Amino acid sequence: MDAEPLTIYFDGDPLPARPGDTVSAALLRAGHLATTRSPKYRRPRGPYCLIGECGTCQLRIAGQPNLRACLTVVQEGLVVESQNAWGPAGLDPTRLVDHLFRRGFDHHHFLVRPRLANVAMQAIARTMTGFGVLPELPRPGAPPPELHEHVPTVLVLGAGPAGRALTGALEAAGVDVLALDRRDRLGLSRWHPAPLPQRLLVDTGAFGVYAPERLIAAASPPLAGGSPRLHLVRPKHIVFATGAREGMIPLLNNDLPGVLAARGLAHLLERTDSQLTAPCVLLGDGEEAEALAAQLGVHRYAPADVERILGRDHVEGIVVAGRTIPCGVILLAPTRAPISELAAQAGAQLRFDGAGFAVLTDPDGRALLAPRPPDADDDPAEPPWQIWACGHVRNTSVDPTADGLAVAAALLAELAASEPS
Ligand code: FES
């Protein structure tokens, strides 16, 4: 039986949504491509990657600024507001600035005197170029963040296909494993359920790896009525299953609303059981781009043949070999780049794979560590930890589920070997 539809509000207007939709899914289905503007050049912006990695979808949601619409799951009555825009899909009065100063202006020296004019100019510029508006100040006496300490045998960062496969195998063998994921995997899987780790902290982003203390710090938003949560995790083994982010294909106007990552959109359509209805083309090379074009039923062009993307506030077409092809959505299937920043903080060596930096591992998934500097402030009381990587963070061409299982087998063998006999 179909679940009951929901209503959310976008800039005051009611919008239908389905349970399990993200805010971006509901907005795209309703044809809202442009939802904000870039802070400096006031370029119209809408979602691109649809997996929480590019930040172009940020909106004010339930009074909180700068939330990623592509990760926020809808609820009945959710209030969503565009930010940094006056009528994002329509006229933008700030464009008058471009007409008044056709050659641009040097904002370091513009209106430096008289002082009052400078104060007014700075106030206007700061208002226009900030990102979002702060929420109301916390209530006086608001409770401080809750501190949670965890000492699991294995910490898995990322509950995508690789992290889920690895965690499932470790849990089946009785290993004490904690998984963190900065997405709301529970909310996102409601529509398209997937087995998730038993001990999973969702909406929980690891923001720091403190190698000398063998410590990972992560933060979660408050549970209903509570305080934000700060997690300090001291594992014996860390597995980075952080995946890969979408790259970009260098083309004029590739930032226009309506340019979407093909993989992100394919997942979204599958998860929400939706169809692509807008006229659409896909740009990309290689087998995966071909497979995505076939899956989505759209025509594919090689990026090298595309001269430019047409449009002003959103995509209107592309020019290929001098021919204009009208379309409302352009899907890009670039090479992905591993999300390896935290692994590098933890001391893992990286290798350039042509699109980004992958974690360098042995065949079993053990990360090769950079030598610690002689003056490193390592805590001698803390036992060394083992760092692992599985899935696209170590190789964007592997099958992430199979790789997660393979690394789990190696990790289990190492745990068994280290147990006292
Ligand atoms: S972060 Fe939401 S579309 Fe990229």
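**Close-up views of a predicted model**

**View 1. Domain 1 and domain 3 lie with their C-alpha centres 23 Å apart.** The structure shown is a predicted model. According to the domain assignment, the chain holds domain 1 (1-136), domain 2 (160-244 + 337-370 + 382-418) and domain 3 (248-332).

**View 2. Strands E20, E21 and E22 form an open antiparallel sheet.** The order of the 3 strands is E20-E21-E22. Strand E20 (306-311) and strand E22 (323-326) are the edge strands; each has a single partner strand, so one side of each has no neighbour in the sheet. From one strand to the next, the twist averages 25°. Strand E21 (residues 315-320) is joined to E22 by 4 bridges, and the two run antiparallel. Within this pairing, Val-319 has Thr-324 in E22 as its bridge partner.

**View 3. An open sheet of 5 strands shows parallel pairing.** Strands of a sheet pair through backbone hydrogen bonds, and the pairing may be parallel or antiparallel. Here the order is E11-E10-E9-E15-E27. Strand E10 (residues 177-180) runs parallel to E11 and is joined to it by 2 bridges. Leu-180 has Leu-201 in E11 as its bridge partner. Helix H4 (residues 161-172) packs on this sheet and touches strand E9 (154-157), E10 and strand E15 (237-240). The direction of H4 makes about 165° with that of E10.

**View 4. Helix H7 (residues 286-296) has the buried residues Ala-289, Leu-292 and Ala-293.** Viewed down the axis of H7, these buried residues fall within an arc of 100°, and therefore they line one face of the helix. Glu-287 and Ala-294 are exposed and belong to the face of H7 turned away from its buried side. What do the buried residues of H7 pack against? Their packing partners are helix H6 (262-271), strand E18 (280-283) and strand E19 (299-301). After H7 comes Gly-297, which has a positive phi, near 70°.

**View 5. Helix H6 has buried residues that pack against several elements, including H7.** The buried residues of H6 are Ala-262, Arg-263, Gly-264, Leu-265 and Leu-268. They pack against H1, strand E17 (259-261), E18, H7 and strand E23 (329-332). Asp-273, which follows H6, has a positive phi, near 55°.

**View 6. Strand E5 (residues 58-61) is covered on both faces.** Gln-58 and Arg-60 are buried on one side of E5, and Leu-59 and Ile-61 are buried on the other. E5 pairs with strand E6 (residues 64-68) in the antiparallel sense over 3 bridges, and Leu-59 stands opposite Leu-67 in E6. These two strands form a hairpin with 2 residues between them. In the turn, Ala-62 has a positive phi of about 50°. E5 also pairs with strand E7 (residues 79-81), in the antiparallel sense over 2 bridges. In this second pairing, Ile-61 stands opposite Val-80 in E7.

**View 7. Val-329 is located in strand E23.** Is Val-329 buried or exposed? It counts as buried because it has 21 C-beta neighbours inside 10 Å, and the cut-off for a buried residue is 20 or more. Val-329 and Cys-280 are separated by 49 residues in sequence, yet their C-alpha atoms are 4.7 Å apart in space. When neighbours within four places in sequence are left aside, Val-329 is in contact with Gly-258, Leu-260, Ala-278, Cys-280 and Val-315.

Terms used. Residues numbered from 1 in each chain as written. Predicted model: local features only at pLDDT ≥ 70, side-chain atom pairs only at ≥ 80, totals over all residues. Pairing = 2+ DSSP bridges. Axes fitted to C-alpha atoms, helices over the stretch in contact; angles between N-to-C directions. Domains from an automatic or database assignment. Buried ≥ 20, exposed ≤ 12 C-beta atoms within 10 Å, placed from the backbone. Arc of directions from axis to C-beta. Contact = placed C-beta atoms within 7 Å.
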